[in-house]
Amino acid sequence: MFLKIVVLAKQVPDTRNVGKDAMKEDGTVNRAALPAIFNPDDMNALEQALRLKDQYPNVTVELLTMGPDRAAEIIREGLFRGADGGVLLSDRKFAGADTLATSYALAQAIRKMQPDMVLAGRQAIDGDTAQVGPQVAAKLNWPQVTYAQEIMGFKDDHIIIKRRLEQGVELVSSPLPLVITVHGSAAPCRPRHAQRLIKYKKAMVLPWSVGDVGGDEGKYGLTGSPTRVKKIENIVFQVKETKRLSASEEEITDLFRELIHQHTIG
Amino acid sequence: MDNFYKDNPDLAFQFGHPLMHHIVGLKEADVADALENYDLVLEIVGDISANTIAPSAEEADHEGPALHNGRVSYARATAENHRILTQAGLYGMALPHEYNGLNFPMVPYVMAAEIVARADAGFSNIWGLQDCAETIREFGSEELKQEFLPRISRGATCSMDLTEPDAGSDLQAVMLKATWDESTGFWLLNGVKRFITNGDAQIQLILARSEEGSADGRGLSYFVHDQAWGGVRVRRIENKLGIKSSPTCELTFSNAPAKLIGERKLGLIKYTMSLMNGARLGVGAQSVGISEAAYREALKFAQERKQFGKPVLYFPAVAEMLDTIKAKLQASRALLYETARFTDMYKLTHLKQYQRLIDCYTPLLKFMAGEYANQNAYDGLQVHGGSGFMKDYPIERLFRDARITTIYEGTSQLQVVAAVKGVINGIFLSQIKEYQNNPVQSEYEPLKQLLLQMTDEYEQTLSLMQGIESDCLDFHARRLVEMAGHIIMGYLLLIDAQRDESFAYSAEFYIFNAQSQNRERACFIHSCLTTKPNFTKSKPLSLT
């Protein structure tokens, strides 16, 4: 079996060490003040990909990331842990992208990389949107499985995936190609491998530009991003009362309506 | 993220030692690149030790290994530690690249051992037994090397099976029988081994009697057995005081196939002695790791625990205990890496001078670092007061884990027997004179004067020993070895302080203590020799 997996990974500010200067006046993240790390959920996704590589012959794992030059660290980190290679999308024209423009760029790159499967973390700790994986699937017109906790393996030409849901787990089966988003409760990523670290510590990553992935230039970066941040404010959550719901569609819909109405979400 | 390498600058400090550049230059073409690699790989070791091994050390200690149908299964956490270190490629660290190793010198390898032991001293045995590879690499045929070494790099577990019920310290008495079997082309092993650390290992090195009718060490040969060949069963797992995450096994051999390592009859007299130097260096590293953990636990507790309105740290009696632990910790670490450097120099040059140094430094290290680990765990527990006596804090485990370090791989008493050779043949003294030649900054001159006085006293004491009977010398051996050891470690700390003044306080405190302890020993020897020449002990006084 030949299987090519692309793992979407993002370099994010480490929100575990948020200090006073974490946000700029204009409400955007002050990236310079926070150490850059490999997005945690994406690490879980990488591990799932590497497990398939352990389990089956002829599986290749490549990373795909978008960011400034230093995001090449993400590709190297993947190499240290067992990936075969990766692509860095780095071009001023990609900058300022919201999830729509990001997923457009990633989908363009994926078309060029031609994988059989795309894995991504469920969400990044900076934006917390959980939109990019599903949007990539939509743009590629591939099926998607979200909230994966474990990729169980192949059964004939279908892949079996365990999904982590609020009320339990669910096993689903899907043909390829496929986009899977991996939940943080999945197995933690394996450590860096000493020999790979020595071998790849100076690995060069040649960035791809907009020109390399083609497509409609207007859909990239800030130009392609309809999202505008209107205002950012700190919200202190307080528990004042509790409410018990059944798992029925109706009650959950009602809860959402109420939360949207109260501006808690939305 | 916590990191047991990055949080301890005293470790990377060792790479700045002048001899280190020389060692790396003999091993690798690009010294700066190699040093960067050591740093990067030790960062992985520090990460896994801090975030995987240490947090589950208590769980592994409580659960311990289990025995089912003659096979050992590790505690959950122990198995997980082994799995992760295997995934990180941290086995075969000292093996050459051709066997898929990292080709590390002893210094960074020993450092990894210290870091892992700080996290879980019991588990550090399982990881540290990769050192068995060194015996196969040094003495085995190319065929054996190809068969076993790459597997060790991939994480195959190892054990060295020496001890038997009637052959502990006295390995010449080993009885496990090895018989050549023409039909299979294997040696067949029959008998019992006892107290075997990680005894259900995949690759076992075994000392056995190949020469029928022989009774001493010259009838013993060295073998390697692959678990897959069958014939070895675990009869029981010992219930121990400490290092409980590491299984200590009694093994029965029933026609267990094995291959000869090197030549017949050299098993004990050559190969085991070489293996032992490696293992003792390993126990030295383990001891320093335990001391480091004990110091950190004691310091943390003393900062948090308040009595009489302030942290107990600020009471002089507690502060002195903490400083004593730190001084002994840094002194034993200085001796550990000095010994590791000499070991590297010997392995890389095969010069006799380094052979002589490691033959007396290794037992000195094993002896002193093991004793200090016990004293440090004892004092560290004392700092905790009543809480230290409870199972609620890690210090009680450290106290139990430390206890083995003065016992296995040769008791402290046996280390003294080996190290005293360095007293008699003058190796220690000539090395002390080498240290004297290191220039010190003027503010350290008074400390150096103390060491010079201690050296005079040591030489005077030695002169009293001239012409005395050998069992009288045996009687004083420990005192003499300790005197030499104190001076050596005093100098090493003083030399470290020239490169980094953070060592100044430990150097000073250690040398003050060492001087008074040497005086006590000199006084004892002097009194003995002047009042009862050739006084010795062959049995306890009450039995005379």
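In which loop is the place of B:N100? B:N100 is placed in the loop between α5 and α6 (106-119) of chain B, where helices (H or I, at least four residues) and strands (E, at least two) are DSSP runs, numbered from the N terminus. Its phi is near 70 degrees, a positive value in a residue other than glycine. B:N100 is partly exposed, with 17 other C-beta atoms within 10 Å. On this scale a residue is buried if 20 or more other C-beta atoms lie within 10 Å of its own, exposed if 12 or fewer, and partly exposed in between, with C-beta atoms placed from the backbone.

The model is predicted: local features need pLDDT of at least 70 and side-chain atom pairs count only at pLDDT 80 or more, whereas totals for chains, interfaces and linings use all residues. Residues are numbered from 1 along each chain as its sequence is written, and chains are lettered from A and ligands numbered from 1 in the order in which they are written.

Chain A contains an open sheet of nine strands in the order β9-β8-β7-β10-β6-β1-β4-β5-β11, with mixed pairing; two strands pair if DSSP finds at least two bridges between them. At the edges stand β9 (168-174) and β11 (207-208) of chain A, each with a single partner strand, so one side of each is left without a neighbour in the sheet. Strand β5 (residues 85-89) of chain A and β11(A) run parallel and are joined by two bridges. In that pairing, A:L89 has A:W208 of β11(A) as its bridge partner.

Two helices lie across this sheet. Helix α1 (residues 40-55) of chain A lies across β1 (3-8), β4 (59-66), β6 (117-121), β7 (144-155) and β10 (178-182) of chain A, and runs at about 145 degrees to β6(A). Helix α3 (residues 99-113) of chain A lies across β1, β4, β5, β6 and β11 of chain A, running at about 150 degrees to β4(A). For these angles, axes are lines fitted to C-alpha atoms, for helices over the stretch in contact, and angles run from 0 to 180 degrees between N-to-C directions. Residues are in contact if their C-beta atoms, placed from the backbone, lie within 7 Å.

Helix α2 (residues 72-81) of chain A is mostly covered, with nine of its 10 residues buried. Among the buried residues of α2(A) are A:I74, A:I75, A:L79 and A:F80, and also A:R76, A:E77 and A:R81. Their cover includes β2 (11-13), β3 (36-38), α1, β4, β5 and α5 (194-200) of chain A. After α2(A) comes A:G82, with a positive phi near 130 degrees.

Some backbone details of chain A lie in loops. Most residues other than glycine have a negative phi, and most peptide bonds are trans. The peptide bond from A:L176 to A:P177, however, is cis, with omega near -5 degrees, and A:P177 is in the loop between β9 and β10 of chain A. A:D128, which is not a glycine, has a positive phi of about 55 degrees. This residue is in the loop between β6 and α4 (132-140) of chain A, and A:D128 is exposed, with 10 other C-beta atoms within 10 Å.

Turning to chain B, its domain assignment, from an automatic or database source, gives domain 1 (9-153), domain 2 (158-265), domain 3 (269-412) and domain 4 (426-537). The C-alpha centres of domain 3 and domain 4 of chain B lie 20 Å apart. Their contact takes 14 residues from domain 3 of chain B and 15 residues from domain 4 of chain B. On the domain 3 side, α11 and α12 (352-383) of chain B each supply at least two residues, and α11(B) gives the most, with eight residues.

Helix α11 (residues 316-349) of chain B has 34 residues and reaches 49 Å from its first C-alpha to its last, close to the 50 Å expected at 1.5 Å a residue; the expected span is 1.5 Å times one less than the number of residues. B:H350, with a positive phi near 55 degrees, follows α11(B).

Strand β3 (residues 158-161) of chain B is covered on both faces, with B:C158 and B:M160 buried on one side and B:S159 and B:D161 buried on the other. β3(B) pairs with strand β6 (residues 203-209) of chain B in the parallel sense over four bridges.
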